[in-house]
Amino acid sequence: DVTEIEEKEAQAKQEEQIVKEQELSNLLHEKRYLKALGLAISLDRPHTVLVVVKAILKETDGRRHLEENIIRLRKDQKEALLTFLVTWNTNSRNCHEAQAVVEILLKHEEPDNLLQYAGIKAAVESLLPYT
């Protein structure tokens, strides 16, 4: 009977998720945005990523800090960020943050590297009507 094993695994995953959520909350409170950004992306939390981006932009010299944080993300994290910002860009309340991230990606990524991103074609097609 594997039911008990599956229940324990599900409970362990749930506990791990709760620990990560708490860690994310602590990172945001401590203004450790790079780790918070990475953790929110790994948890697949687009709204939380948006909250982190907005918090960074509210800081003094926020644009530069956002740029520094995004540059240091891994490629897979940047790909996830790209998919998130496509959705943000469709809402006028979040379009400025989306455009700031797009600008940073376009400025610091080589075109050949951007073409290697998963879903880049769909992202560009989605961004064009709203940009």
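This is a predicted model: local features need pLDDT of at least 70, side-chain atom pairs count only at pLDDT 80 or more; totals for chains, interfaces and linings use all residues.

**Annotation, helix packing and backbone**

The UniProt annotation "domain: U3 small nucleolar RNA-associated protein 13 C-terminal", from an unreviewed entry, covers residues 21-131.

Q: What makes up the span of residues 21-131, in terms of helix and strand?
A: The span is 76% helix and 0% strand. Its end C-alpha atoms lie 33 Å apart.

Q: Why is helix 3 called roughly perpendicular to helix 5?
A: The axes of helix 3 (residues 46-58) and helix 5 (residues 75-89) cross at roughly 85 degrees and come within 10 Å. Angles of 65 to 115 degrees count as roughly perpendicular, and therefore helix 3 is described as roughly perpendicular to helix 5.

Q: Which residues make that contact, and how are they classed?
A: Helix 3 contributes Pro46, Val49, Leu50 and Val53, while helix 5 contributes Leu81, Phe84 and Trp88. By class, the contact of helix 3 with helix 5 has 7 nonpolar, no polar and no charged residues.

Q: Why are helix 3 and helix 6 described as roughly perpendicular?
A: Helix 3 and helix 6 pack at about 80 degrees, and their axes are 10 Å apart. The range for roughly perpendicular is 65 to 115 degrees, so the description applies to helix 3 and helix 6.

Q: What makes up the contact of helix 3 with helix 6?
A: Leu50, Val53, Lys54 and Leu57 of helix 3 meet Glu97, Ala100 and Val101 of helix 6. By class, this contact has 5 nonpolar, no polar and 2 charged residues.

Q: How does the reach of helix 6 compare with the expected value?
A: Helix 6 (residues 95-108) has 14 residues and reaches 20 Å from its first C-alpha to its last. This is close to the 20 Å expected at 1.5 Å a residue.

Q: Which residues of helix 6 are buried, and what covers them?
A: Buried means under 20% relative accessible area; in helix 6, Cys95, Glu97, Ala98, Ala100, Val101, Val102, Ile104 and Leu105 are buried. What covers the buried residues of helix 6 includes helix 3, helix 4 (62-71), helix 5, helix 7 (111-115) and helix 8 (120-127).

Q: What is the phi of Asp61, and where is Asp61 found?
A: Asp61 has a positive phi of about 60 degrees although it is not a glycine. Asp61 is found in the loop between helix 3 and helix 4. Most residues other than glycine have a negative phi.

Methods: Residues are numbered from 1 along each chain as its sequence is written. Side-chain values use heavy atoms; hydrogens and water are left out. UniProt positions are given in the numbering used here, feature names are shortened, and annotations may be inferred rather than shown by experiment. Helices (H or I, at least four residues) and strands (E, at least two) are DSSP runs, numbered from the N terminus. Axes are lines fitted to C-alpha atoms, for helices over the stretch in contact, and angles run from 0 to 180 degrees between N-to-C directions. Angles under 35 degrees count as roughly parallel, over 145 as roughly antiparallel, 65 to 115 as roughly perpendicular and the rest as oblique. Contact means heavy atoms within 4.5 Å. Ala, Val, Leu, Ile, Met, Phe, Trp, Tyr, Cys and Pro count as nonpolar, Asp, Glu, Lys and Arg as charged, and the others, Gly among them, as polar. The expected span of a helix is 1.5 Å times one less than its number of residues. Buried means under 20% relative accessible area, exposed over 50%, partly exposed in between (1.4 Å probe, protein chains only).
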